[in-house]
Amino acid sequence: MVRQIALGLEGSANKLGVGIVLHEGDDVQVLANIRHTYITPPGQGFLPRDTAVHHREHILPLIKRSLEEAKLTPKDIDVICYTKGPGMGGPLVSVAVVARTLAQLWGKPIVGVNHCIGHIEMGRQITGANNPIVLYVSGGNTQVIAYSQNRYRIFGETLDIAIGNCLDRFARILNLSNDPSPGYNIEQYAKRGEKFIELPYTVKGMDVSFSGILSYIEGVARDSLAKGECTPEDLCFSLQETLFAMLVETTERAMAHVGSKEVLIVGGVGCNVRLQEMMGKMAEERGGMVFATDERFCIDNGIMIAQAGMLAYQTGYTTPLEETTCTQRFRTDQVYVAWRD
């Protein structure tokens with residue numbers, strides 16, 4: 001039985017992740033999954049330059065820790081995988097340089113991985129979902145996806161900002177903490193919300209739009225909070241319910257189109273319990289079910305890059321050294337998925 005080990009490096013945004021996975025036949029084991037998050041003060045986002053500095057400062061200690069945790073040495077690694085994109089330019093490049101350097105120092109092949117494909121393949125591996133409709137929701141991406149003919153096809157997506165970006169920016173308006181993440185803190189506030197405030201609902205065919213909703217609720221927050229007409233908890237509750245209802249609608253439409261009974265939620269926003277509940281109710285009414293993971297796997301991490309990279313590597317694919325670049329815009333459907341029938 002062939003035993004292969006992949007080292008995965010993820011740094012497309014403010015989460016820096018290093019992961020090691022072992023493939024032995026059909027068995028996949030996570031040997032290490034270490035992450036360090038760049039957290040800014042309340043009310044502030046993270047800039048590409050500062051995030052890149054954070055990644056450069058922490059990546060080598062994280063790689064060392066991951067090898068120690070997995071009880072491995074560099075010679076045990078079969079392939080090095082890194083996030084090629086999409087993501088923020090500075091952070092992506094800072095991690096890619098390390099991946100490229102290690103590949104040459106250690107004499108290992110290298111595989112550039114699409115960030116979204118990493119989420120999908122890690123989600124499929126952990127949950128056992130067979131051929132689901134995928135809802136990919138994160139700080140930088142919002143897509144409804146289905147697999148067909150060796151591609152992950154995008155059925156619908158955001159026309160402007162991603163849902164995670166919408167939630168993060170509203171958290172800054174309310175001056176919520178960025179620790180552990182703005183979206184998590186909005187989720188906790190929403191649990192205490194009692195009054196639903198009607199917001200714009202923007203679904204355009206299979207696509208969604210969030211920027212207008214963000215502008216509208218920013219005005220509501222400015223006017224109504226000062227007058228005591230609602231609470232921050234009410235606003236978080238109303239925003240979540242509206243945004244998630246839009247995602248449930250487009251996901252259900254994709255399920256009907258392809259005849260799927262499964263939904264797999266991936267990406268950082270996929271940790272939100274309320275989103276999982278709403279999607280679960282819809283799927284149950286259709287005789288289906290929802291698959292989701294916890295924060296170890298849905299938030300950006302290195303093992304998802306190692307997993308997707310290993311699957312590509314096992315089909316004979318490696319990235320030539322001169323092509324180990326990064327791109328901030330790397331479409332999910334650009335990747336040829338050779339490892340699926």
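The legends below describe close-up views of the cysteines in a predicted model. Residues are numbered from 1 along each chain as its sequence is written, and side-chain values use heavy atoms, with hydrogens and water left out. Because the model is predicted, local features need pLDDT of at least 70 and side-chain atom pairs count only at pLDDT 80 or more, while totals for chains, interfaces and linings use all residues.

**View 1. The disulfide between Cys271 and Cys298.** Searching the whole structure gives 1 disulfide (a pair of cysteine sulfur atoms within 2.5 Å). The S to S distance of Cys271 and Cys298 is 1.9 Å. Their link is right-handed, with 55 degrees about the S-S bond.

**View 2. Surroundings of the Cys271 and Cys298 pair in the chain.** Helices (H or I, at least four residues) and strands (E, at least two) are DSSP runs, numbered from the N terminus. Cys271 is partly exposed at 21% relative accessible area, whereas Cys298 is buried at 2%. Buried means under 20% relative accessible area, exposed over 50%, and partly exposed in between (1.4 Å probe, protein chains only).

**View 3. Cys81, a cysteine in no disulfide.** The nearest cysteine sulfur to Cys81 belongs to Cys326, 14 Å away. Cys81 is buried, with 0% relative accessibility.

**View 4. Cys326, also in no disulfide.** For Cys326 the nearest cysteine sulfur is that of Cys81, at 14 Å. Cys326 is partly exposed, its relative accessible area being 26%.
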